[in-house]
Amino acid sequence: MGNDPPIERAIDEAPIGITIADARQPDEPLIYLNDAFERLTGYPKDETVGVNCRFLQGENTEDEPVAAMREAIANEEPVSVELRNYRKDGTEFWNKVDIAPLREEGETTHFVGFQTDVTARKEAEFEIKRRIEEVEREREKLRRLLERIDGLLEDVTQALVHATTRDGVARTACRRLADDDAYDAAWIGERVPTTDEIDPEAWAGTRDLSDVTLAVDSEGDPSARALVTGTAQFVSELDEARSWHEEIRAREVRAMAAVPLVAGGTTYGVLTVYARQHDAFDEHERVVLKSIGRAIASSFDALESRRILTVDTAVELDFSLGKEDLFFVGLSESAGCRFSYEGTAHDGDSLAFFTVYDADPERVRDLARRAEGVEDAILLTAGETSSLFEFRLGETSLITRLAERGVRIGSMTASEGEGHVRLVVPAGVRPRSVVEAFSESCPTAELVGRHEHERPPQTDAEYRLSVEERLTDRQLLALRKAYVSGYFDPQRRASGSELAASMGISRATFHQHLRAAQRKLLGEFFDRGIPD
């Protein structure tokens, strides 16, 4: 080669394979290869010197990089390619080959080749490509799934909107679910208090279930468990021991879902859906079935609320409260003051307004923010002897649950750790269920009075409903805050800026909401009249 010994040693010990081929001989045979080439390929020098380097090629060597090398060598040009090569033991590896011509006095005499094992990088690239293709397949699958889910949700929701009875809601929902290609059958059942059983009230996609009942205390039954716990149950493999309906087992059902129908703190029953595929209820299907369950329950709840407005009696329930029952009772003792309920509003959470008498507002606010069940306390107005507070209670507060069931709070007060609540239960709602719900949340509360009275020709609830239906949530909230804070009083206790700040909006936006609400309220007054 004509190189100095130190240069030869450096080439021999280089970390990559190096070969030299004689360009002046036919077929460009190798005349030199270093130790790294032997380690990379497994071929010793005595088997490779004097032959062309193509012996590394094999069955899966691609034609394109081989042609590129052949063309570059023919044109006496450098080239760089990556191709599959084979070691002496037959194992495959990815080889990055760089070839450069060596010239003497303008004539190409040799080709030097550099061989680098890039198998790890190529495998990583292939894995990335595989994963990208997999993601694309999953994305397409998800797109088709979302199209089906959107259609299912839209169809069910539209059907529920037009249903006018509970039976109509239940039958419509079951029929649409059973018609979906992913499901096999569906039914909705409600709990029968006298027998403590689940009685299917509507079904589709299977045989008549009118004579089938299900014990609520059945430990192995997902439908009963969903109803009792309020948590959706999903079973991916049904065997004979866990199949409870002969009608269902006969259809070779393999998976099921049981979704509780809960709205406004009330459980209206359970939705059960069956499928033949064991993996039918994946994460996406579970989300959509829970959404459909909420829509069905909300429809039941709305129908119940409308039914309440058509009956003719109402009941007043009076409760005495201890300091552990509701947050404001304990606060009245801690702060040594008196609380008087002014009303509620909603902005995603439940907002309760109270006037607090004979107390330091800052102390009340600090104590309230540490009270259980109170997320925040905002001082709206402060006077010499009283202050108006807004308490953020969250969307699951007892006050919210009562209001959503149509129960009106007639009065609610507390002083020195003793409280009193008067509830007005509209006709159509069982007073006993209200007592049970109230006692569950307030364990030391005691029912001290119960009074029935005739329903007026038009109730407060009816009139409020007719007005509230015309207001947006923000308009209603602005109107409520303005009213309870004394904004409309001759001696205004709160400014528009203060109320706007409490809503997290600008003063101009607050007044825009307030004016729109007032205009709609006056329109309801003049166009439809109000009760005497």
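Analyst: Buried means a relative accessible area under 20%, exposed means over 50%, and partly exposed lies in between, with a 1.4 Å probe and protein chains only. The model is predicted, so local features need pLDDT of at least 70 and side-chain atom pairs pLDDT 80 or more, while totals for chains, interfaces and linings use all residues. Residues are numbered from 1 along each chain as its sequence is written, and side-chain values use heavy atoms, with hydrogens and water left out.

User: Why is Thr-119 called buried?

Analyst: Thr-119 has a relative accessible area of 15%, which falls under the 20% limit, and therefore the residue counts as buried. Thr-119 lies in helix α5, residues 119-162 (a helix is a DSSP run of H or I with at least four residues, a strand a run of E with at least two, numbered from the N terminus). Leaving out residues up to four places away in sequence, Thr-119 touches Phe-93 and Trp-94, where contact means heavy atoms within 4.5 Å.

User: What makes β17 and β18 a pair of strands?

Analyst: Two strands pair if DSSP finds at least two bridges between them; strand β17 and strand β18 (residues 418-425) have 7, in the antiparallel sense, and therefore they meet that criterion.

User: How do you know which residues are central to the largest nonpolar core, by the number of members touched?

Analyst: A nonpolar core joins buried Ala, Val, Leu, Ile, Met, Phe, Trp, Tyr and Cys residues through side-chain atoms within 4.5 Å. Of the 41 residues in the largest core, Phe-328, Phe-339, Phe-391, Leu-423 and Phe-438 touch the most other members. Helix α10 (residues 327-335) gives the most to this core, with 5 residues.

User: Why is the lining of the second largest cavity described as nonpolar?

Analyst: A cavity is a set of points on a 1 Å grid over the protein atoms alone where a 1.4 Å probe fits but cannot get out, and lining residues have an atom within 4 Å of a point. The lining consists of Leu-326, Leu-398, Ile-399, Leu-402, Ile-409, Met-412, Val-421 and Phe-438. Leu, Ile, Met, Val and Phe count as nonpolar, and the lining therefore divides into 8 nonpolar, no polar and no charged residues. Helix α12 gives the most to the lining, with 3 residues.

How values were computed
1 Å grid on protein atoms, 1.4 Å probe; cavity = no way out; pocket = protein on both sides within 12 Å on 5 of 7 lines; lining within 4 Å.
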